[in-house]
Amino acid sequence: MDLITALEGLVPELQRGLDQASSLEDLEGLRVDFLGRKGRLAQIMSLLPKLPPQERPAVGQTANSVKERCNALFEERKNALEAGREAAALARFDPSLPGRAPWRGSLHPTTLVMEEICGIFRGLGFDVASGPEVEIDHYNFESLNMPPEHPARDMQDTLYITDTVLMRTHTSPVQVRTMLSRRPPVAVVAPGKVYRRDSDLTHTPMFHQIEGLMVGHDISMAHLRGILTAFVRAVFGADTRVRFRPSFFPFTEPSAEVDISCCMCGGKGHVNGEPCRVCKTTGWVEILGCGMVDPAVYAAVGYPEDVSGFAFGLGVERVAMLKYGIGDLRMFFENDVRFLGQFA
Ligand code: DAH
């Protein structure tokens, strides 16, 4: 057969092949078959040397032109296949679907409140101190004026490790440790975990407290009131009312409990005519215990008799519940991300 006819025949034949090609892989197969090193075009051209020299240029030109047209056909088919692929992908993709938000971590509300409170006291000149969660009886009770027969030392209330080693039941032993290692004046807050043998709707075996201690010369109850009022207003808002109610703690004398006007009902006792579930209609909620450090505590740590100062202790979860209006203590320990994520 005449080579020019054979070459020209490749174009419609390729066109038929391309019409049936349904993938880019099919296309590549055809390219090898037609234009590859041992492909159809190359096979025809291998016959060129057998032609008389004067016929060769025309065949060469036809070969070039066929090759160009074949390449154009490939290109066209490739574009069509790619466009089809994209359209199919787009058909599967619904651009109106909402995006998937990246997962954002957040601090636990207990951590947030603990950091906020420590920040407030740092601003008032306090240092942040810490102590061990496994504590000796001597620092947890004895030095805080709770002698062996004191009811708080009961096995019912305290998690003992040995007769003299226990899980601290409050952060108050950090007071003792601070005074043992530093001379007055001192002003510290000590945040941390505390443990009690208690577990019901409103008590968990572990919770968080912040202890505060300020000892120096001529520190009075007025300083205690001033500092704690400033603290409460920083956390709960400048309109919060504060009241100091006489109370008792073995390690302070006199002692007080601090109530703040209920942040749920604004101190009115009712919300939309319903009794306030946070303050039980009293308009006040208790927030911390405090007092002037008992001289017996100074004696236990070897402080001179002429110092004076105050201490206080508060429950972090309790502050967080009041601040954020959280009704259930268990929320803090279940670690449900739907709850925790709200504090991001
Ligand atoms: N340690 C007390 C408790 O766990 C809280 C407390 C009350 C700490 C009065 C104090 C204080 O420093 O002065 O209930």
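**Before starting**

The model is predicted: local features need pLDDT of at least 70 and side-chain atom pairs count only at pLDDT 80 or more, while totals for chains, interfaces and linings use all residues. Residues are numbered from 1 along each chain as its sequence is written, and side-chain values use heavy atoms, with hydrogens and water left out.

**Stop 1: the whole protein**

Display the protein as a cartoon. The protein has 12 helices and 11 strands; helices (H or I, at least four residues) and strands (E, at least two) are DSSP runs, numbered from the N terminus. Next, show the C-alpha trace, which spans about 125 × 50 × 40 Å along its principal axes. What is the radius of gyration of the protein? The value is 42 Å, whereas a compact globule of 344 residues would have one near 20 Å. The radius of gyration is taken over C-alpha atoms, and the globule rule is 2.2 Å times the number of residues to the power 0.38.

Now show the surface. The protein exposes about 18900 Å², and carbon and sulfur atoms supply 54% of that area. Accessible areas come from the Shrake-Rupley method with a 1.4 Å probe; for residues, only the protein chains shown count as cover. Of the 344 residues, 42% are buried. Buried means under 20% relative accessible area, exposed means over 50%, and partly exposed lies in between (1.4 Å probe, protein chains only).

**Stop 2: the ligand**

Select the ligand and the residues around it. The shell holds 15 residues, of which His170, Ser172, Arg196, Gln209 and Glu211 come nearest; a residue is near a molecule if one of its heavy atoms lies within 4 Å of it.

Select Arg196: an N or O atom of its side chain is 2.8 Å from an oxygen atom of the ligand. Then select Ala311, where a backbone N or O atom lies 3.2 Å from a ligand oxygen atom. At Phe312, a polar backbone atom is 3.3 Å from an oxygen atom of the ligand. Taken alone, the ligand exposes 360 Å², and the protein buries 88% of that. Colour strand 5 (206-216), strand 10 (284-293) and strand 11 (308-315), the elements that give two or more residues to the shell.

**Stop 3: Asn140**

Select Asn140, in helix 6 (residues 137-140). Is Asn140 buried or exposed? Asn140 is buried, with a relative accessible area of 0%. Its side chain and that of Thr169 are joined by a polar contact of 3.0 Å. A polar contact is a pair of N or O atoms within 3.5 Å; within protein, one must be able to donate a hydrogen and the other to accept it, and residues adjacent in sequence count only if both atoms are side-chain atoms.

**Stop 4: two cis peptide bonds**

Select Pro184 and Pro185, which are joined by a cis peptide bond with omega of about 5 degrees. Pro185 lies in the loop between helix 7 (173-181) and strand 4 (186-195). Move to Glu253 and Pro254, where the peptide bond is also cis, with omega near -5 degrees. Pro254 is in strand 7 (residues 252-261).

**Stop 5: positive phi angles**

Select Thr281, in the loop between strand 9 (274-275) and strand 10. Thr281 is not a glycine, yet its phi is positive, about 70 degrees. Finally, select Asn335, in the loop between helix 11 (331-334) and helix 12 (337-340). Phi of Asn335 is near 55 degrees, and Asn335 is partly exposed, with a relative accessible area of 43%.
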